[in-house]
Amino acid sequence: MKIAIIGAGNLGLSIAKGVLHSNGATTMYLTKRNLDEIKNFEKYGNVTVTSDNREAVKHSDILIFAVQPGHFQAILEQVKDLLTEKHVVISTITGFSISKMEETIGSDKYIIRSMPNTAISVSNSMTCICSNELGKKRIDLAKAIFNRMGHSLEIPEEQMQAATVICASGIAFWMRLIRATTQGAIQLGFDAKEAQELAMHTCNGAANLLIESGTHPEEEIDRVTTPKGCTIEGLNEMEHQGLSSSLIRGIVTSFEKISQIRKG
Ligand SMILES: NC(=O)C1=CN([C@@H]2O[C@H](COP(=O)(O)OP(=O)(O)OC[C@H]3O[C@@H](n4cnc5c(N)ncnc54)[C@H](OP(=O)(O)O)[C@@H]3O)[C@@H](O)[C@H]2O)C=CC1
Ligand SMILES: O=C(O)[C@@H]1CCC=N1
């Protein structure tokens, strides 16, 4: 597979690491204007680092765009005459619709819209995808690419904004919960490194328990909460302080902000 990542910033580089981590490409082009931060990727024999988006497009089949929303239109204009039937155009851009992409490059291109997260760098991204009409013919290919670097789910395009909050911003939300747990563990006497180790692996265990068993979180909570025990006492205090409510309100606020980014 010949992959180009146009816009090797926070997300683009995470994808690049995921591709390398999963041996997912025969060749990979990484582009950005200032190459200082990504020059070291050329130590991998099959990686080319360049500021020339057109060169990257010419030499690749799978084009993953990971630039800021405000830059995307101009970059599509820059490369559109090079796009052929060999190319699959995969956007990760927040709030940029498929129809807007079609207006620029045409509906006769394979277009996939995706929403990965930065855990793609360790092949653990939850990635939501959808496509244009023609892109349906390449959706299995896109799923295969993202499944090598985590787990993917095809969703209707209307849900892409919600997926952005839950999956992409979600990494930051979970990090904050892990950080808060770590601070609690330090207060209980663990040193900082051990405290984070306990928090991370317990978080991982909770998620894997649900993934492997298919159970509902409350069912697992019931197994932990001994009557009159310490778990229910702690959980109830967290809820009195608004744990679930503040998470839900934060998620909805993020969602409303994406609508503004879209309009902007
Ligand atoms: N960060 C995240 O977790 C997620 C981000 N997204 C989406 O991914 C996109 C990228 O986000 P993020 O990685 O955070 O942003 P960054 O700003 O970190 O990365 C964007 C990169 O694009 C490069 N760039 C700008 N102009 C060009 C150009 N003309 N040609 C090639 N590269 C260019 C910039 O580098 P330089 O200035 O050197 O060119 C920069 O490194 C956004 O649309 C965002 O909504 C989606 C899911 C998760
Ligand atoms: O914060 C943002 O706007 C982008 C989209 C999701 C993750 N980062």
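Helices (H or I, at least four residues) and strands (E, at least two) are taken as DSSP runs and numbered from the N terminus. The model is predicted, so local features need pLDDT of at least 70, side-chain atom pairs count only at pLDDT 80 or more, and totals for chains, interfaces and linings use all residues. Residues are numbered from 1 along each chain as its sequence is written, chains are lettered from A and ligands numbered from 1 in the order in which they are written, and side-chain values use heavy atoms, with hydrogens and water left out.

The protein chain contains 10 helices and eight strands. Along the principal axes, its C-alpha atoms fill a box of roughly 70 × 40 × 35 Å. The protein chain has 264 residues, and 39% of them are buried. Buried means under 20% relative accessible area, exposed means over 50%, and partly exposed lies in between (1.4 Å probe, protein chains only). Accessible areas come from the Shrake-Rupley method with a 1.4 Å probe; for residues, only the protein chains shown count as cover. Among contacts in the protein chain with a separation of 6 or more, 61% join residues 24 or more positions apart. Contact means heavy atoms within 4.5 Å.

An unreviewed entry assigns residues 2-93 to "domain: Pyrroline-5-carboxylate reductase catalytic N-terminal". UniProt positions are given in the numbering used here, feature names are shortened, and annotations may be inferred rather than shown by experiment. Residues 2-93 are 32% helix and 24% strand. The end C-alpha atoms of this span are 21 Å apart. The unreviewed entry also places "domain: Pyrroline-5-carboxylate reductase dimerisation" at residues 157-259. That span is 83% helix and 0% strand, with its end C-alpha atoms 14 Å apart.

Strand β4 (residues 62-65) includes isoleucine 64. Isoleucine 64 has a relative accessible area of 0% and is therefore buried. Beyond four places in sequence, isoleucine 64 touches Ile3, Ala4, Ile5, Ile6, Ile15, Ile90 and Thr92. Its C-alpha atom lies 9.8 Å from that of isoleucine 93, which is 29 residues away along the chain. Phenylalanine 65 is also placed in strand β4. At 1% relative accessibility, phenylalanine 65 is buried too. With residues up to four places away in sequence left out, the contacts of phenylalanine 65 include Ile6, Phe72, Ile75, Leu76, Val79 and Ile93. The C-alpha atoms of phenylalanine 65 and leucine 153 are separated by 19 Å, at 88 residues apart along the chain.

The UniProt feature "binding site" (unreviewed entry) falls at Asn53. Asparagine 53 belongs to helix α2 (residues 53-58). Its relative accessible area is 10%, so asparagine 53 counts as buried. Apart from neighbours within four places in sequence, asparagine 53 contacts Ile6, Thr31, Ile75, Gln78 and Val79.

Helix α6 (residues 160-187) holds glutamine 161. Glutamine 161 is buried because its relative accessibility is 11%. Between the C-alpha atoms of glutamine 161 and serine 254 the separation is 9.5 Å, with the two residues 93 apart along the chain.

Taken alone, ligand 2 exposes 240 Å², of which the protein buries 45%. The second largest pocket is where ligand 2 sits. On a 1 Å grid over the protein atoms alone, a pocket is an open set of points with protein on both sides within 12 Å along at least five of seven lines. A molecule sits in a pocket if more than half of its atoms lie within 2 Å of its grid points.

Backbone geometry was also examined. Most residues other than glycine have a negative phi. Asparagine 23 has a positive phi, near 50°. This asparagine 23 lies in the loop between α1 (10-21) and β2 (27-31). Asparagine 23 is exposed, at 66% relative accessibility. Serine 123 likewise has a positive phi, of about 55°. The loop between β6 (110-115) and β7 (125-131) contains serine 123. Serine 123 is buried, at 16% relative accessibility.

Methods:
1 Å grid on protein atoms, 1.4 Å probe; cavity = no way out; pocket = protein on both sides within 12 Å on 5 of 7 lines; lining within 4 Å.
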